[in-house]
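Here's a quick briefing to read alongside the model. Take a look at the fold, then work through the points below.

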Amino acid sequence: MKFLLVLIILFNILNCVYSAPTVTAVSNGKFGVPTYITITGTGFTGTPTVTIGDQPCNPVVVASATSLQCQFSAQLTPANSNFDVSVKVSSVSSTGGNGLFKYIAPSVSAVFVNNGRIGMILVDGPSNVMGYKLNVSDSINSAMLTVTADSTSATIYFLMPNTIAGGPINIELIQPFGFSPIKRTESVFSPTISSITPTTFDLTPTDVTVTGKYFGTTSSVTMGSHTYTGLTVEDDGTNCHFIFTTRSVYESPNTITAKASTGADMIFLDNQSNPQPITFTYNQPTITSTKQIIDSVEISTTNTGTDFTQISLTMGTSSVTNLVITGSNDKIVTTLPHALPEGEIQFNLKAGTSNVITSTLLVTPIINNVTQAPYNGGSITISGIFLNNAHVSIVVDQKSADIVCAPDSNGESIICPVEAGNGTINLVVTNYKNFASDPTVKTEATTSTTYTVAPDTPTPTETTTPSPTETTTPSPTPKPTSEPEETDVPSSSTNLISPLSLIFIFISFVLLI
């Protein structure tokens, strides 16, 4: 009996010693990164060996019969799977470890910008990150990016292409080894303008180049209130740029804004990376010459543009008169009123947002007609334009004498007194510069003509030519007062014998003798 009892006790002891270990829990590990894995279970005695998947986990450190640790760095694929864990003690394999090991899935804790790159901080990233890819897309375009060579398990970088428009973008981190992709939406990049040239313009069409990053494939720009759309973006590998051509008008306000292909607003950064507005200016217009052509003035200009709704021309200083203009980018034409405030007038030109520029012109009076002067003196009327400020003088034998005339208010005629005389006399009509303020300043614009004074002795044509008030019908021949007054035409019996008839009678009488 005692022998049987000893056998039973010995069997139980041996069964406890060599019974299979069990695995109830396993901690997760990092892919490809040496990590101590903690295994919980029973029967961890002696010198156990551990296998995860088909790869050994060692060295093994036994903490107790229910807990051990081993270092695992193998890369099992697909990495998002569950793997079996086996603990073998004295050639007896454990039970219960099926599918208890998993890799910790890498995650992204932050996305940032680094020298034109998208940077990502990886948590629990693998030791080898060269297989990572990044799919980026805006609302229009997309690109698949590969990780840069300086990436590590903690931080990975992707070079951002300029053809992806800044603003909200979708990113999908494609992980190697079977880990699931990481998707998120970020706004780490803004479409950024680094330069715009030129920003000072003439009023001629000018190509403007906008350079920067993350414009997308097309852009739009608003200069003043005018928007240019569908501008093609070119990418040179470092920067992108697009070109638009200005109009021959003054744009207002003097700001430029631009949008990427997605509609995101572009920003312009100063040297301290602070956003600043983009402003532009125009070169001031100039007046190069002013020329009178009868009653019109031709003003040659630069940089006034072709939009005449943006150009104003006035005349005068204290009292300003608006003028109607026509012309082109380099020439403005206006017709002057026939009555001018003074001989020299000032033109005031303003084009768009420019300052007012001025030019002066001493207007030459125009004489169209002079009435004939009576021989015994009287007055003449000078007709023309720009005569209301004119000074008149007559020149006889190279001697000039000013005469005081009476101009009308519309500048089209002057009535001047003239002395008795005869012959041809020179007439000089002059506009002076600033005569009202300083009559001694005799800068002048002069028109000369001649007029003829009627002679003292009437000519035969004067006796036969009826006056303007006379008719062309001969007056009736007077009759004796005792006879009735004849009507319109005298009878033939009352006609006198003409001299020719007397000669004829005399010749006939001689022949008869």
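The link of Cys57 and Cys70 is right-handed, with 100° about the S-S bond. It counts as a disulfide because its sulfur atoms meet the cut-off for a pair of cysteine sulfurs, within 2.5 Å; here the S to S distance is 2.0 Å. Bear in mind that this is a predicted model, where local features need pLDDT of at least 70, side-chain atom pairs count only at pLDDT 80 or more, and totals for chains, interfaces and linings use all residues. Residues are numbered from 1 along each chain as its sequence is written, and side-chain values use heavy atoms, leaving out hydrogens and water.

- Cys57 sits in the loop between strand E4 (55-56) and strand E5 (60-64), while Cys70 is in strand E6 (residues 67-72), so the bond ties together parts that are 13 residues apart in sequence.
- Strands (E, at least two residues) and helices (H or I, at least four) are DSSP runs, numbered from the N terminus.
- Cys57 is buried at 1% relative accessibility, and Cys70 is buried at 0%.
- Buried here means under 20% relative accessible area, using a 1.4 Å probe and protein chains only.

**The Cys405–Cys416 disulfide**
- Cys405 and Cys416 are bonded too, with their sulfur atoms 2.0 Å apart.
- The torsion about their S-S bond is about 115°, so this disulfide is right-handed.
- Cys405 lies in the loop between strand E41 (399-403) and strand E42 (406-407), and Cys416 in strand E43 (residues 413-418), eleven residues apart.
- Cys405 counts as buried at 19%, and Cys416 does at 1%.

**Disulfides overall**
- A search of the whole structure turns up two disulfides.
- Counting bonded cysteines along the chain, the pattern is 1-2, 3-4.

**Nonpolar core**
- The largest nonpolar core has 42 residues, and Phe242, Phe244, Leu336 and Phe347 have the most contacts inside it.
- Strand E36 (residues 344-351) gives this core its largest share, four residues.
- Such a core is a set of buried Ala, Val, Leu, Ile, Met, Phe, Trp, Tyr and Cys residues joined through side-chain atoms within 4.5 Å.
- Leaving aside residues up to four places away in sequence, Phe347 touches several partners, among them Val297, Ile299, Leu313, Leu336 and Leu361; contact means heavy atoms within 4.5 Å.

**Whole protein**
- The protein contains three helices and 45 strands.
- Of its 513 residues, 36% count as buried.

Notes:
Buried means under 20% relative accessible area, exposed over 50%, partly exposed in between (1.4 Å probe, protein chains only).
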